[in-house]
Amino acid sequence: MDSNILASLSYGVYAIGVKGEQEPSACIVNTVIQVTNTNPPIIAVSMHHDNYSHERIRETGIFSVSVFSEDTSGAVIGALGFNSGRDANKLKNVRHRVLAEGVPVIKENCCCWFLCKVVGSAETATHTVFLAEVVAGSEKVTGVPMSYTYYHEVLKGSAPKNAPTHRANPSSGSQSDAGRFICTVCGYIYSDPDLPFEELPEDWLCPICGMPKSVFVRK
Ligand code: FE
């Protein structure tokens with residue numbers, strides 16, 4: 001079987017908010033699904049064992065989901081998705097609100113948010129699938145939810161290495177690589193025939209992960 005066939009599955013882009021030891025934290029996932037429409041409903045989230053958020057969910061049994069919209073900046077995904085909450089206050093430059101439970105929800109043009117209480121989990125070698133009841137959330141949805149395809153094709157982003165959908169080589173293989181530069185941190189591909197990479201200002205930053213030009217390599 002060609003494992004690339006799994007890339008035909010559809011995903012969204014979500015922030016998972018957790019109660020940190022010192023301060024609230026959040027990470028990006030693309031795998032959130034509704035499992036039941038019972039009252040309360042149950043959702044499932046897949047998360048890598050190495051993620052700080054995984055550790056915090058195991059510890060506290062509670063997390064939030066913020067659903068990104070097509071108007072959510074790629075820089076927000078970069079701030080939450082390509083660092084570890086162990087090393088940085090990832091929410092420092094991200095507008096958010098901390099719920100009474102100590103869990104943050106993201107306020108960067110998100111469609112909606114909901115608060116989840118873990119009721120079960122299933123283990124794989126690399127990821128835990130958390131099952132959780134939705135115990136509170138937004139009253140309405142604003143904007144168009146961001147699909148992973150939109151993130152990939154319009155924002156030119158790729159999955160962080162711990163995402164279940166991560167691909168070692170994000171190249172589509174169908175376009176010429178001439179003049180294309182790839183961010184070695186997040187996989188973003190710069191390709192603008194009107195403005196070659198070499199002519200970008202020295203203080204230009206990757207629009208997805210915020211890293212400088214020096215981390216880019218020619219494809
Ligand atoms: Fe980047």
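I'll start with one side chain: that of T72 reaches the backbone oxygen of E108 at 2.9 Å. It also reaches the backbone oxygen of N109, at 3.1 Å. A polar contact here is a pair of N or O atoms within 3.5 Å; within protein, one must be able to donate a hydrogen and the other to accept it, and residues adjacent in sequence count only if both atoms are side-chain atoms.

Before going on, the basis. This is a predicted model, in which local features need pLDDT of at least 70 and side-chain atom pairs count only at pLDDT 80 or more, while totals for chains, interfaces and linings use all residues. Residues are numbered from 1 along each chain as its sequence is written, and side-chain values use heavy atoms, with hydrogens and water left out.

Back to T72. It sits in the loop between β5 and α2. Helices (H or I, at least four residues) and strands (E, at least two) are DSSP runs, numbered from the N terminus. T72 counts as buried because its relative accessibility is 2%; the cut-offs are under 20% for buried and over 50% for exposed, with partly exposed in between, using a 1.4 Å probe and protein chains only. Leaving aside neighbours within four places in sequence, T72 is in contact (heavy atoms within 4.5 Å) with E108, N109, C110, M146 and L155.

Now the sheet. Its 7 strands form an open sheet in the order β2-β1-β5-β8-β9-β4-β3, with antiparallel pairing; two strands pair if DSSP finds at least two bridges between them. β2 (25-29) and β3 (32-36) are at the edges with a single partner strand each, so one side of each has no neighbour in the sheet. From one strand to the next, the twist averages 35°. Axes are lines fitted to C-alpha atoms, for helices over the stretch in contact, and angles run from 0 to 180 degrees between N-to-C directions.

β5 (residues 62-68) and β8 (residues 110-123) pair over 7 bridges in the antiparallel sense. F63 has C116 in β8 as its bridge partner. Helix α2 (residues 74-81) packs on the sheet, touching β1 (14-18), β2 and β5, and its direction makes about 110° with that of β2.

Last, the cores. A nonpolar core is a set of buried Ala, Val, Leu, Ile, Met, Phe, Trp, Tyr and Cys residues joined through side-chain atoms within 4.5 Å. The largest has 31 residues, of which F68, L80, I106, Y188 and F216 touch the most other members. Its largest share, 3 residues, comes from α2. A second, separate core of 20 residues includes Y14, V65, F114 and A132.
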